[in-house]
Amino acid sequence: MQRVIFTPGMQILQSEKEVKERKQRVMSVRDLMHEGEKMTGAGKFEEAIKCYDEALQKEKTLLPLVTGKAQAQIGAGKLQNAVKTYERAMKMSPNNATVLFNRGVLYQKLGQFQQAVKDYTRAAEIMPRNFKAHYNCSLALKKLGHYDAALSEINSALEIDPRSADALYNKANIFVKQREYLKALDSLEEAHKIAPSDKGIKAKLAAVREEHKAWLAMEPERRKKREEKYSDKSQLHGYFNRVKKPAVKPEMATTIKVFKLTGNDGGDVSSNDPPSTTGSSTTK
């Protein structure tokens, strides 16, 4: 007895035995994947990796097996191995926003923030309403010192979820890096209204207030240092005017003299009369 199995783009004629074997293989792969998930959840990452490897020997093109293995490798601390596993997943599904986001998280764990930003940005392009992609991208950009770009990303996250206390907290951290203490305090106050019992927000509010106070107290000293640094320079060429004005070349200098002209009858010529275009001129 034979049975026709339809698959995309092809038609394969299989025997009843082959169909039965295929069904058993699918069930085995499913059981191994579930066991891998269970082991990962229990923190038994090495056992989870073995389950996924065994399943992948039977079914090499199933994406959840590959991503599941990568997560187990991350849990086991095998981050470089997880990078390779995610590269395999990306070849299988290059426009998968979830895979891109998870690989971005992995790069962030490794301190490879530039790579993380690329993955988060691509994930957000595929899924513009992906709050986590914008939020994590902001964190990575802040680590790189790109504060304006980080602020833009956290604002995108807040457009998606305006009541995210975590996003407002991170926004305040960016403002602190920019010495924009009043803006940081505004963000923290808003976060405190949303999460009044959050101890971290309360502590951060107090810390930023103290930092702002200290920054203001140090302003006279900073001003004194600036004055000492530029004390030997004039106002035109010192701290406030560093661009030198081009000197006038001697040959370009012109002296204009006004002469009183007289007519043929000895009378004065009106200054409104047009200058003569004929006759000789006298140069002093």
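I take buried to mean under 20% relative accessible area, exposed over 50%, and partly exposed in between, with a 1.4 Å probe and protein chains only.

I am working from a predicted model, in which local features need pLDDT of at least 70, side-chain atom pairs count only at pLDDT 80 or more, and totals for chains, interfaces and linings use all residues. Residues are numbered from 1 along each chain as its sequence is written, and side-chain values use heavy atoms, with hydrogens and water left out.

**Cysteines.** I looked up Cys137, which counts as buried because its relative accessibility is 1%. Cys51, at 11%, therefore counts as buried too. I found zero disulfides in the structure (a disulfide is a pair of cysteine sulfur atoms within 2.5 Å).

**Confidence.** The mean pLDDT (the predictor's confidence in each residue, from 0 to 100) is 83, and 76% of the residues reach 70 or more. For residues 252-284 I noted pLDDT below 50, with eight contacts in the model beyond near neighbours in sequence; contact means heavy atoms within 4.5 Å.

**Core.** I took a nonpolar core as a set of buried Ala, Val, Leu, Ile, Met, Phe, Trp, Tyr and Cys residues joined through side-chain atoms within 4.5 Å. The largest has 59 residues, and Ile154 is among those with the most contacts inside it. Helix α9 (residues 165-177) gives the most to this core, seven residues. Outside four places in sequence, I list Ile154 as in contact with Tyr135, Ser138, Ala167, Asn170, Lys171 and Ile174.

**Asp119.** I placed Asp119 in helix α6 (residues 113-126); helices are DSSP runs of H or I, at least four residues, numbered from the N terminus. Asp119 counts as buried because its relative accessibility is 5%. Beyond four places in sequence, Asp119 touches Leu100, Arg103, Gly104 and Tyr107.

Note on methods:
Helix = DSSP H or I, 4+ residues; strand = E, 2+ residues; numbered from the N terminus.
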